[in-house]
Amino acid sequence: MFKTNVKLSDHSNYKIGGEAQYFFQSNKVEEIIKAVKKAKQEKLSIFVLGGGTNLLFDDQKFEGLVIKPTMNQLQQDGNKVVVGAGILVSDLLDFVADKGLAGLEWAGGLPGFVGGAVRGNAGAFKGEMKDSVIEVTSLDISGVEPKIIKRNNGECNFGYRNSIFKEKGDQEIVLEAVLALEPGNKEEIQKVIDDKIAWREARQPLDHPNIGSIFKNVDWHLVPNKWQEDEELKTHLKTDPFPVLPAATLIDKTGLKGEKFGGAMVSPKHPNFIINSNNASAEDVRSLIKIIKERVHDKYDIWLEEEVMIVK
Ligand SMILES: Cc1cc2nc3c(=O)[nH]c(=O)nc-3n(C[C@H](O)[C@H](O)[C@H](O)COP(=O)(O)OP(=O)(O)OC[C@H]3O[C@@H](n4cnc5c(N)ncnc54)[C@H](O)[C@@H]3O)c2cc1C
């Protein structure tokens, strides 16, 4: 029932990655359950893939099964929207703007699937997925028998780029979410979404394959006292979603803009992005990540933490 030797670079926004031993894509929950059971019987490790916009696959073959759930339901129920994990966030935004439902405008230009956005509690411009989610249906694949679970917002343990789905070590597949929105004006909603897209186009290196911000911004409370007193650094403090020092600022001030390793490069346009500038390998990107972490640590005594998923 699985495809074999599928090129993962074709499923990655980075265009990086070796083959998957087995690959399965479906928009039907029963088929996903069947695939999980089969993988368990065969003792295969499982990796769940969304839009591939926040992960770095390895250059080597992935030994196991990559499952890409593409559940594609998208229904309005009053001010609520029921959305499948495989819907592109951009398609969800087109839908809600057309229905005159407000609350997700912050996500204008956010790439990837709804499942990935829920799992990582994606956020931007002071908005996060957790602000709209009222229920998530997932498939627990930790045991022999996959189990469907429904959780309300509180039970999802959402945090900064975090959720129970991430905390559980990716033993749950997000299948569907119910979002609560508010009635709004169609044109105004679309305008805000378009502004966010334009903001990203002006500041992010979207002309090269990339996976968004490599590192999380740094909780201001974890910044060493000496640097908290630095007047210049203080001017970069952001309060989204809480007081943070942007990783981009630290990378920039360490002089790493434009730094290269093989085909990977720290974007001169946005230094928290590492772009695939010339057929980069996963090893190139990992090496550059290591260089950035060490150089920032040497200067600021801060260890940057990856926001992206590095698949090994
Ligand atoms: C140009 C650019 C800009 C970006 N800007 C932002 C931003 O502003 N804010 C932000 O938060 N992120 C941003 N990102 C990162 C990324 O777009 C989001 O994190 C997105 O929500 C990831 O979704 P995905 O479907 O692509 O996930 P993938 O990259 O496919 O997967 C990411 C992780 O989620 C897991 N996963 C995926 N689908 C599921 C599922 N259905 N069930 C369980 N686990 C799953 C995967 O196993 C993996 O660990 C940006 C990325 C790019 C390329």
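Which side chains meet in a salt bridge at 3.6 Å, N to O? Select Glu-307 and Arg-161: their side chains form that salt bridge. The model you have open is a predicted one.

**Stop 1: the three domains**

Colour residues 3–69 as domain 1, 74–201 as domain 2 and 205–310 as domain 3. Then keep domain 2 and domain 3 in view. Their C-alpha centres lie 26 Å apart.

**Stop 2: where domain 2 touches domain 3**

Eleven residues of domain 2 make contact with ten residues of domain 3. Together the two domains bury about 860 Å², and 54% of that area is on carbon and sulfur atoms. On the domain 2 side, select Lys-126, Tyr-160 and Arg-161, the residues that lose the most area to domain 3. These three account for 60% of what that side buries.

Which kinds of residue make up the side of domain 2 that touches domain 3? Eight are charged, three are nonpolar and none is polar. Even so, the count of salt bridges between domain 2 and domain 3 is one. Go back to Arg-161 and Glu-307 to see a salt bridge between side chains, with N and O 3.6 Å apart.

**Stop 3: helix H2**

Now select residues 89–99, which make up helix H2. Which of its residues are buried? They are Val-89, Leu-92, Leu-93, Phe-95, Val-96 and Ala-97. Step past the end of H2 to Gly-100, which follows the helix and has a positive phi, near 70 degrees.

**Stop 4: salt bridges across the structure**

How many salt bridges does the structure hold? There are 18.

Begin with Lys-130 and Asp-131, whose closest N and O atoms are 3.4 Å apart in a salt bridge. Lys-130 is partly exposed, at 29% relative accessible area. Asp-131 is also partly exposed, at 45%.

Next, select Lys-253 and Glu-232. The closest N and O atoms of this salt bridge are 2.5 Å apart.

Then select Asp-252 and Lys-257, which form a salt bridge with their closest N and O atoms 3.9 Å apart. Asp-252 counts as partly exposed at 35% relative accessibility, and Lys-257 is partly exposed at 40%.

Technical notes
Residues are numbered from 1 along each chain as its sequence is written. This is a predicted model: local features need pLDDT of at least 70, side-chain atom pairs count only at pLDDT 80 or more; totals for chains, interfaces and linings use all residues. Side-chain values use heavy atoms; hydrogens and water are left out. Domain bounds come from an automatic or database domain assignment. Contact means heavy atoms within 4.5 Å. Buried area is the accessible area (1.4 Å probe) that two parts lose on being put together, summed over both. A salt bridge is a side-chain nitrogen of Lys or Arg within 4 Å of a carboxyl oxygen of Asp or Glu. Ala, Val, Leu, Ile, Met, Phe, Trp, Tyr, Cys and Pro count as nonpolar, Asp, Glu, Lys and Arg as charged, and the others, Gly among them, as polar. Buried means under 20% relative accessible area, exposed over 50%, partly exposed in between (1.4 Å probe, protein chains only). Helices (H or I, at least four residues) and strands (E, at least two) are DSSP runs, numbered from the N terminus.
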